[in-house]
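I opened my notebook to set down what I looked up, one topic at a time.

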Amino acid sequence: MLSLERVTKIYRLGAFGLQKLTAVCDVSFEIGEREIVSLIGESGSGKSTIGKLILRLIPVTSGKICFEGTDISTLDGWPLKEYYRKVQGVFQDPFASFNPIFKADRIFRMVHDEFYPEMGAREWAEKVEGALRAVGLNPPDVLNKFPHQLSGGQLQRFLVARALLLDIRLLIADEIISMLDASTRMDVLNLLADLKERGLSILFITHDLSLGYYISERAIILYRGRIAEMGPTDKVYNRPLHPYTEMLMESVPRLDRKWGEEIRVEREGGLASPAGDGCVYAGRCPLVMEICTRQKPELKEAETGHFVACWARL
Amino acid sequence: MLQVENLTVYYKTIRGYVRALEKATFTLADGEIMGLAGESGCGKTTLGHSLIYLRPPMNYIEGRVALDGREVPVWDMEQMREFRYRHISLIPQHAMNALNPTRKIGKMIAELLESRGVSYAEVLPELKRRLDLVQLSHDVLKMYPIELSGGMKQRTVMVISTLLNPSLLIADEITSALDVSTQKAVCEMLVEFRNQGFVRSTIIITHDISILYQIADSILVMYAGQLSEKAPTETIFRDARHPYTRMLIGSLPKVGVRYQEERLLGIPGAPPQLLNPPAGCRFQERCPVAFDRCREVPPFLEISPGHFVACWRAY
């Protein structure tokens, strides 16, 4: 349904944009129908940039993002609006997504004015109530309130409900759980699972590995703007191939197993630019070989559907 | 050893007191690493900070604190100066921003020690030994904070905070802004500091309970300003008696659990307002096993050695 082909994003920084920062480099992947894909990476790995590129909030530097066969960078005017009818995003901080001066349900009215100006008030109110019920909220409890009167979990579900008002096919969920408390985050996560059952595809962007495992069929591990590994979630988690993924899986605090005894501070490798020669992980990699610093490993299929970019493991 | 008795701290607002910490009573043994867990707004940071820096709008209401048998005057900003850093130390929430950007690290440490009447030259060999321990080069002393990466700054702050071997170390959400690999290293360092005897007892404030499972000896769970349960880590995970603790543990995602196989449940409802909280147990509205008795505040009782719980259903 959505495909990224060798997408690269370079930000220009500093005075007159003289410095370049490669945030995303040569990233290709697909999201199929009714699929939840987690995009997992540390801070600075470019995961949010990919979300923004798909939402067309920022333009790609090179490469192509296609939605149902059309390159989204060519969209303009009415087709672009149609695109936003189908693809929507929800972001990390629910409190920052609302204007505190206005009541929270203003976001629904804006959708109405923008996308359904011809729809009557009664019909619209029913549609809003339906969307709120679909995200597990009780409309009388939450309508006509200011953002500060609602909890973070409620606001986050509000934003998902807003997306549901459109004929949405793909939801970009960028760290939508990380600001929520343990007691409410599962409700939002389960909501995503329910939406998938209703035919939605979701790109679940997160830094929390256990959340990624819980919710997704496929996982993409990003490191410094490049895909290190991607494949079916259970394979990536249980039989990681890339040394970076292995390190992640060892470090994630688990409830069924304690960390090993040894103290290991990771090597502070210089932060390699994803645009340079060689593997970006080479500076921190325990399996580093001579070729790793010279030539970039391509993403190769190691077993069915399981891809890895590593010279040592190919 | 830290003893806290009936510690009550409210926030003063124009609409009245926000009852953020209500009659906290617990002890922390020598060498114990205690995790302090709970949702945002449950009072865990209030409890941690009131032990070292009880500043307005926090208002001391009642209670006493004793460290190694000595009374700690938490209500007196001036007298507390003697305890801060030397006996009770804090690693702040955004440790990365805790370093003075206009000073070289070494100079900053020297100034800090001087203000406590300690000579930098005397401490320097020990400081270098500890930098080695956390795998930092001695060159960081000649560098400005901006020259260090986030993980290096975090480690530097940890070394500085524990330099005078405080009896109590309070680590406030120190792992929440870090990547998993750095997170693990920082946690293991806390354990190592304890093992080496740099700190006697540690309180780790966090909302991430899976971290506590890895390193804490005991866990204290708070809910809406009240202590719910304190027990050894294994007991909290395997045999919790407070319904809130159970539901909280049950809602944690685990690697190896998929939503298709096992659907984890959140806790319905929201915590009460602390401005005028309901009488009795503050969890009663969300509690599946609440009954009449819950309108009285349940005492925080020891039901088996080291296992304290405040729930009428648990005694």
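Predicted model: local features only at pLDDT ≥ 70, side-chain atom pairs only at ≥ 80, totals over all residues.

Residues are numbered from 1 along each chain as its sequence is written, while chains are lettered from A and ligands numbered from 1 in the order in which they are written.

Entry on chain B. I looked up its secondary structure and found nine helices and twelve strands, where helices (H or I, at least four residues) and strands (E, at least two) are DSSP runs numbered from the N terminus. Chain B has a radius of gyration, taken over C-alpha atoms, of 20 Å, close to the 20 Å that the globule rule gives for 315 residues, so it is as compact as a globular protein of that length; the rule is 2.2 Å times the number of residues to the power 0.38.

S304(B) stands opposite H307(B) in β12(B). Two residues lie between β11(B) and β12(B) in this hairpin, and G306(B) in the turn has a positive phi of about 80°.

Entry on contacts. I checked L203(A), which touches I31(A), V37(A), L39(A), G51(A), I54(A), I172(A) and A173(A), leaving out residues up to four places away in sequence; contact here puts the two C-beta atoms, placed from the backbone, within 7 Å.

Definitions and conventions: Pairing = 2+ DSSP bridges.
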